[in-house]
Amino acid sequence: MGIVQSLRQYGKSAAMKATGMIGDSPFYLFNYLLRLLRVLVLLTLWRTLLPTHGATSGLTLAQVLTYTVVGEAVEQLLACRTWLEDAFWSGDIATRFLRPMGIFAQFTAEMLGPIALGLLLFSLPLLALAPLLGVNPLPASIGAGLLFAVSLGMAVAVSLAMEYIFSGVAIALKVDPYALNSLRAAIWAALSGAFLPLALLPPSVGRVFEWLPFAATASTPLKIYIGSGPTLFMLAMQALWAALLWPLAIWLWQRNRERMVSYGG
Amino acid sequence: MAAETRLTAFPVRILRLWWVYTRLNLLTLTRDLNSFVIWTISDIITNVTAVMGMLFLATRFQGIGVWSLAQTVFMLGYAALVDGVSALFFNYNVLYISRRIGRGQMDHLLIQPQPLWMSLLTEGFAPAYAVPMLVPGFIMVWWASVRLTHPVSLPAFALSLTASMIVLISYQFLWGSLAFAAPRAAEEINTSTLELMSQLKQYPLNGAGGLLRFGLVTALPVGFLAWIPCRALLGMDTSALSLWKTPCAALVLSLLATIAFRKGMQTYAKTGSQRYSGFGHRN
């Protein structure tokens with residue numbers, strides 16, 4: 001099968017998922033309201049906490065505001081969700097094996113559909129609206145913008161590896177995905193720095209969190225975007241996490257894929 | 001005489017049903033060691049990490065704006081308790097009422113030999129699921145209370161907590177009633193509304209601009225879930241009626257929710273559910 005045909009298949013899968021969500025429930029758009037309100041409240045929080053002039057832990061108020069808006073704009077890319085474990089739980093996984101596509105790839109393609117929709121319907125308008133909220137949405141420099149793109153790609157790689165590891169654990173332990181999803185979402189929100197920059201946490205806590213793989217999924221690209229922190233070191237850490245986590249994700253999948261007979265239904 | 005009997009019979013029946021649902025809830029949770037351990041641990045971690053970010057920020061900055069560290073922790077604990085008490089009484093998709101309506105499950109409630117309100121008030125009772133939410137909330141409130149300079153009245157705390165819970169459940173029913181009109185489209189609307197309320201309730205709204213703050217106490221009454229009642233309880237709002245703001249909001253919202261739900265039920269009585277095909281699948 002040619003690469004072009006494969007890409008076409010995955011593109012169609014992504015498009016079907018995206019249009020399906022809108023077609024199934026227009027109230028899906030309500031989620032964007034949630035995200036907008038979260039940004040507005042977080043901007044208010046930072047303006048309450050941080051001084052207008054000067055830096056706190058190396059971050060100025062303007063940098064933190066940009067961090068918050070951009071973080072929200074790319075949040076779906078940073079917190080990759082494929083719902084693989086849900087497909088096991090519902091038994092839907094059985095039909096996935098019948099499709100002439102790789103399992104990881106088809107779930108990833110389906111994840112990218114709604115993300116593209118979100119970028120179009122929410123992220124772009126949010127970035128365009130940012131100056132009206134008193135926030136500069138541009139990167140610290142052109143170089144920072146380019147390195148952000150590289151780092152964002154690696155953040156997605158680390159995030160996807162973690163997604164498949166969580167799914168593998170859920171399948172191995174045969175747990176209700178609801179419990180594990182809530183746990184995973186809460187841990188990610190607290191440790192990744194997606195909503196609260198890690199530098200603004202108590203210093204001892206923030207330093208520890210910076211070394212965890214969760215930071216590689218959100219804190220790193222956002223810090224690069226606003227021109228904060230040692231860029232090359234942070235990129236190297238992301239590459240290291242991707243190199244460590246992907247083999248683990250693949251191993252977990254290979255060990256647990258046969259369990260679907262007893263797990264699904 | 002008959003009315004008197006009914007009045008005494010209802011509370012007894014509610015207590016009996018709560019006892020039945022407590023046993024069922026415990027049986028579900030303890031069906032095997034694996035599920036029990038994973039549910040309990042994941043719930044505790046989930047609920048602690050949900051407020052961890054704000055706790056860290058409050059620690060780092062010794063509070064949030066005009067809120068001291070103890071006041072912020074009190075508010076976070078209060079917010080966690082609102083979630084916990086709501087999960088205690090309205091679990092199993094009662095809080096997500098749009099799912100029950102949208103999935104055509106109102107029939108399951110209507111065929112029971114008791115009033116609908118009693119079913120809704122009792123069959124979501126799930127103490128085992130609520131404990132991991134209540135415990136961190138109680139710990140935070142207790143930790144903050146012994147450090148606060150302003151004493152918190154226990155009856156006022158209980159009244160505010162009940163009112164906040166009513167605000168939450170009423171808001172859920174208000175939006176959830178949309179599922180009577182659009183069962184498929186609005187089936188999951190309460191997931192978004194609850195997520196919206198849960199995420200935003202832990203932030204003090206002092207710094208919010210007029211329009212945003214107005215929106216967060218009217219269209220999305222998240223302010224009544226922690227910020228407004230805590231300001232009153234902690235003596236930060238010194239107006240004469242400060243303690244009554246949340247109960248008044250609860251009263252207004254519960255009236256609106258009752259009207260919306262009853263109107264929806266009238267539609268349901270005519271159309272019923274069209275979600276299930278003859279061979280049992282939901283379309």
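## Chain A

How many helices and strands make up the secondary structure of chain A? In this predicted model, chain A comes to 14 helices and two strands; helices (H or I, at least four residues) and strands (E, at least two) are DSSP runs, numbered from the N terminus. Its radius of gyration is 19 Å, close to the 18 Å that the globule rule gives for 265 residues, so chain A is as compact as a globular protein of that length. The radius is taken over C-alpha atoms, and the rule is 2.2 Å times the number of residues to the power 0.38.

The C-alpha trace of chain A spans about 60 × 40 × 35 Å along its principal axes. Of its 265 residues, 43% count as buried. A residue is buried if 20 or more other C-beta atoms, placed from the backbone, lie within 10 Å of its own.

## Chain B

Chain B has 13 helices and two strands. For its 283 residues, a compact globule would have a radius of gyration near 19 Å, and the 20 Å of chain B agrees. Along the principal axes, its C-alpha atoms fill a box of roughly 60 × 50 × 45 Å. Buried residues make up 43% of the chain.

Helix α3 of chain B (residues 69–89) reaches 30 Å from its first C-alpha to its last. That is close to the expected 30 Å, a span defined as 1.5 Å times one less than the number of residues. Because 18 of the 21 residues of α3(B) are buried, this helix is largely enclosed by the rest of the structure.

## The nonpolar core

The largest nonpolar core holds 151 residues, of which A:Val158, B:Val82 and B:Val167 touch the most other members. Such a core is a set of buried Ala, Val, Leu, Ile, Met, Phe, Trp, Tyr and Cys residues joined through C-beta atoms within 7 Å. Helix α8 of chain A (residues 142–173) gives the most to this core, with 16 residues.

## Where the chains meet

In total, 32 residues of chain B are in contact with 30 residues of chain A, contact meaning that the C-beta atoms of two residues, placed from the backbone, lie within 7 Å. The largest share of the chain B side, 14 residues, comes from α2(B).

## Basis of the description

Residues are numbered from 1 along each chain as its sequence is written, and chains are lettered from A and ligands numbered from 1 in the order in which they are written. Local features need pLDDT of at least 70 and side-chain atom pairs count only at pLDDT 80 or more, while totals for chains, interfaces and linings use all residues.

Conventions:
Buried ≥ 20, exposed ≤ 12 C-beta atoms within 10 Å, placed from the backbone.
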